[in-house]
Amino acid sequence: MKEFTVNLANRPGMLASLTETLAKAGVAIEALAAFGLDDEGYVRVIVDNAEATRQALRGAGLSSTERKVLTTTLSHRPTSLSEMTRSLAESGVNIEAMYLLNSCADGLEFAVAVDEPDVARAYLQP
């Protein structure tokens, strides 16, 4: 999976414009986190089609950064998330972003963006 980070002005309609741009390109959003800080808006989005997203953002004149994210499914146990995050921390991996993708009877599926994906894989369940 790929995560794109897009910086926008923090004003009405900017997030709508971004999501409309992706929709017109046929991109399905798998997860999204957005927040504003003063005049800046920050959107992190995980999509189903990285190439279409790149083209759509470029075509709209929007700059972005992208990175690979890993996925993991955790049990519904109260300690599962703390155990996973502690194991990454103790291995020296920094979690840069985390998204809850799905919650169902089988568990909690997360997407995790980290600074050391090769190291992190060993600590994340498939």
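How many bridges join strand 5 to strand 7, and in which direction do these strands run? Five bridges join them, and the two run antiparallel. The model is predicted: local features need pLDDT of at least 70, side-chain atom pairs count only at pLDDT 80 or more, and totals for chains, interfaces and linings use all residues. Residues are numbered from 1 along each chain as its sequence is written, and side-chain values use heavy atoms, without hydrogens and water.

View 1. In strand 7, V112 stands opposite L70. Strands are DSSP E runs of at least two residues, and helices are H or I runs of at least four, numbered from the N terminus.

**View 2. L101 in strand 6 (residues 95–104).** L101 is partly exposed, with a relative accessible area of 21% (buried is under 20%, exposed over 50%, partly exposed in between; 1.4 Å probe, protein chains only). Beyond four places in sequence, its contacts (heavy atoms within 4.5 Å) include M1, E30, T71 and F110.

**View 3. The largest nonpolar core.** This core has 14 residues, where a core is a set of buried Ala, Val, Leu, Ile, Met, Phe, Trp, Tyr and Cys residues joined through side-chain atoms within 4.5 Å. F4, L8, L18, L22 and L57 have the most contacts inside it. Helix 2 gives the largest share, four residues.

Conventions. Pairing = 2+ DSSP bridges.
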